[in-house]
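Subject: Structure handover

Hi,

Here is the structure I promised to pass on to you.

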Amino acid sequence: MTIASPPTSIDATLSLLQSQGYVADRALATVLFLALRMKRPLLLEGEAGTGKTEIAKVLASGLGRRLIRLQCYEGLDLASAVYEWNYAGQMMAIRLAEAGGVAGDRERLESDLFSERYLVKRPLLQALEPQEGGAPILLIDELDRTDEAFEAFLLEVLADAQVTIPELGTIKATEPPIVILTSNRTREIHDALKRRCLYHWVGYPDAARELAILKAKAPGAPAKLAKQVVAFVQAIRKEELFKAPGVAETLDWASALVELDAVALDPAIVSDTLGALLKYQDDIQAMQGSKVGELLDQAKQAARG
């Protein structure tokens, strides 16, 4: 992996993203450049499927840094996020000490049991360790899935690049990781955490940028089909849906249409493949029949324009 220095300008940041196949607007490149320059965590919020997680991946690839990902979920605790002790190894060490007749040296045994030898390091602790090639990219993905107690714990990590382990003390990074946090905004992130981050809302792209993304990620799609797909997705997002399709769904749908050798959209193929674009039955049902034809007419007109 080639190690690269962080970009020195907004234009260089745009070029870095583009070199990894990520089509970004200038606002995103600006806040990403500032986060790297100021060594501040970056909180990216937006609907699912708009490319938030991908930003951390392309940044790690473009800079040649290790990507350490903490996938958040309900009930996430310190044992899964930071560290836990190798209890099986500790019990074996106690049994061996008893068998060897040295269990009486209690102080030495305790010191050995709660040393790094038996420490199982999870993503947050791994990100604080020195890494070959420079500080890693720490991706804390879908933070909104956790609870406020975990957010409160993160404050120490984000503010001081350190964690406290009662048995070992405080472990501080010699070089703080580059931190990217994402949220789908299923709940509000607490202000105390937001204050420690730079912030950017990753929205749905406009038609021109979505078409550029489609060309970059699905180059096999015929030009006419690609334009119609983007125009149809742009139109369908204006409808009352439970979950509007993100860029990820646009790419999935385009890939599915290519597999079916489609060169243009028609009502039948749209109806047959809506499951690649919409992920809720109520949304699919609402788009069936005359609605598909109506949106398709709009899309074809927009694609011609």
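Below are some notes on the sheet, the cores, the helix packing and a few single residues.

First, the ground rules. This is a predicted model, in which local features need pLDDT of at least 70 and side-chain atom pairs count only at pLDDT 80 or more, while totals for chains, interfaces and linings use all residues. Residues are numbered from 1 along each chain as its sequence is written, and side-chain values use heavy atoms, with hydrogens and water left out.

The sheet

Helices (H or I, at least four residues) and strands (E, at least two) are DSSP runs, numbered from the N terminus. Two strands count as paired if DSSP finds at least two bridges between them. On that basis there is an open sheet of 5 strands in the order 2-5-8-1-9, with parallel pairing. Its edges are strand 2 (67-71) and strand 9 (198-201), each of which pairs on one side only. From one strand to the next, the twist averages 20 degrees.

Leu42 has Leu198 as its bridge partner in strand 9.

Two helices go with this sheet. For the angles here, axes are lines fitted to C-alpha atoms, for helices over the stretch in contact, and angles run from 0 to 180 degrees between N-to-C directions. Helix 2 (residues 26-38) lies across strand 1, strand 8 (178-183) and strand 9, at about 160 degrees to strand 9. Helix 3 (residues 52-63) packs on the sheet too, touching strand 1, strand 2, strand 5 (137-141) and strand 8, and its direction makes about 160 degrees with that of strand 8. Touching, or contact, means heavy atoms within 4.5 Å.

There is also a hairpin, formed by strand 6 and strand 7 with 3 residues between them. Strand 6 (residues 162-165) and strand 7 (residues 169-172) run antiparallel and are joined by 4 bridges. Thr164 is partnered there by Thr170 of strand 7.

The cores

A nonpolar core here is a set of buried Ala, Val, Leu, Ile, Met, Phe, Trp, Tyr and Cys residues joined through side-chain atoms within 4.5 Å. Buried means under 20% relative accessible area, exposed over 50%, and partly exposed in between (1.4 Å probe, protein chains only). The largest nonpolar core has 36 residues, and Val82, Leu124 and Phe150 are among those with the most contacts inside it. Helix 8 (residues 148-160) gives the largest share of this core, 5 residues. Apart from this core lies another, of 33 residues, including Leu211, Ala218, Ala221 and Ala226.

Not counting residues up to four places away in sequence, Leu124 touches Leu70, Ala81, Val82, Leu138, Ile140, Phe150, Phe153 and Leu154.

Which residues of helix 10 (residues 207-217) are buried? They are Arg209, Glu210, Leu211, Ile213 and Leu214. Their cover includes helix 11 (223-236) and helix 12 (247-259).

Helix 10 and helix 11 pack at an angle of about 135 degrees, with their axes 10 Å apart. The contact involves Ala207, Glu210, Leu211 and Leu214 of helix 10, and residues of helix 11 including Ala226, Val230 and Val233.

Thr250 lies in helix 12 and is buried, with a relative accessible area of 1%. Beyond its neighbours within four places in sequence, Thr250 is in contact with Glu210, Val229, Val233, Arg237 and Leu277.

Residues in loops

Pro136 sits in the loop between helix 7 (123-127) and strand 5, and is buried at a relative accessible area of 1%. Pro136 and Pro176 are 40 residues apart in sequence and 8.3 Å apart in space, C-alpha to C-alpha. Leaving aside neighbours within four places in sequence, the contacts of Pro136 include Arg65, Ile68, Pro177 and Ile178.

Most residues other than glycine have a negative phi. Ala161, in the loop between helix 8 and strand 6, has a positive phi near 50 degrees and counts as buried at 8% relative accessibility. Asp261, in the loop between helix 12 and helix 13 (267-273), has a positive phi near 60 degrees and is exposed, with a relative accessible area of 66%.
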